[in-house]
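This briefing concerns one protein chain, whose sequence and structure follow. Please read the points below alongside the display.

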Amino acid sequence: MAEPHCGSCRHLAGYPVVAQFTIPGEPVSKARARFSGKSRGAYTPDKTRAAEEAVGWRFREAARGHAIDANATYAVVARFFCATGQRRDVDNMLKLILDGLNKVAWLDDSQVVEATTRKERVPAGEARTEVTVHLIEEIDRG
């Protein structure tokens with residue numbers, strides 16, 4: 001895989017890479033929770049849930065043996081390569097990545113202390129999401 005780092009995240013080069021992976025296909029945005037009139041409860045739309053699960057599985061493949069550490073902080077670099085003209089907010093695409101890595105890469109995405117994102121337009125057939133997770137530091141939560 002090509003190095004996914006952009007010029008704005010060169011400062012992360014000194015931090016260990018926990019995982020680097022690509023999710024093929026058009027990037028997916030985190031959808032808002034839906035509410036069911038019958039059960040009166042909130043639920044995550046199927047497309048969002050499937051996309052979050054795909055993120056988790058790609059991470060697991062790239063970071064075999066990784067153990068969740070509640071005392072670590074992380075940086076995430078995410079590049080979204082979109083082939084369609086569909087409007088997507090970068091923050092919603094990043095939210096899907098971060099939520100997909102909860103209880104997989106980290107206990108909770110509150111452990112992410114830095115995120116760098118970029119959205120680019122690409123020709124049909126080249127759509128994908130590239131993600132790199134860096135370990136920043138172990139912290140003492142007292």
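Residues are termed buried under 20% relative accessible area, exposed over 50%, and partly exposed in between (1.4 Å probe, protein chains only). The model is predicted: local features need pLDDT of at least 70, side-chain atom pairs count only at pLDDT 80 or more, and totals for chains, interfaces and linings use all residues. Numbering starts from 1 along each chain as its sequence is written, and side-chain values use heavy atoms, with hydrogens and water left out.

**Overall architecture**

- The protein has two helices and six strands, where helices (H or I, at least four residues) and strands (E, at least two) are DSSP runs numbered from the N terminus.
- The order of these elements from the N terminus is β-β-β-α-β-α-β-β.
- Of the 142 residues, 39% count as buried.
- Contact means heavy atoms within 4.5 Å; among contacts between residues at least 6 apart in sequence, 82% join residues at least 24 apart.

**Helix 1**

- Helix 1 (residues 46–62) has 17 residues and should span 24 Å at 1.5 Å a residue, in agreement with the 24 Å between its end C-alpha atoms; the expected span is 1.5 Å times one less than the number of residues.
- Its buried residues are Thr48, Ala51, Glu52, Val55, Gly56 and Phe59.
- Viewed down the axis of helix 1, these buried residues fall within an arc of 140 degrees, so they line one face of the helix; the arc is that of the directions from the helix axis to the C-beta atoms.
- Asp46, Lys47 and Trp57 are exposed on the other side of helix 1.
- The buried residues of helix 1 pack against strand 1 (17–24), helix 2 (90–100) and strand 6 (128–138).

**Packing of the two helices**

- The axes of helix 1 and helix 2 come within 8 Å and cross at roughly 60 degrees; axes are lines fitted to C-alpha atoms, for helices over the stretch in contact, and angles run from 0 to 180 degrees between N-to-C directions.
- Thr48, Ala51, Glu52, Val55 and Gly56 in helix 1 meet Leu96, Ile97, Asp99 and Gly100 in helix 2.

**Individual residues**

- Thr129 lies in strand 6 and is buried, with a relative accessible area of 5%.
- Beyond its neighbours within four places in sequence, Thr129 is in contact with Phe21, Thr22, Ile23, Gly25, Pro27, Arg79, Phe80 and Ile97.
- Lys103 lies in the loop between helix 2 and strand 5 (112–121) and is exposed, with a relative accessible area of 60%.
- Phi of Lys103 is near 60 degrees, a positive value in a residue other than glycine.
- Most residues other than glycine have a negative phi.
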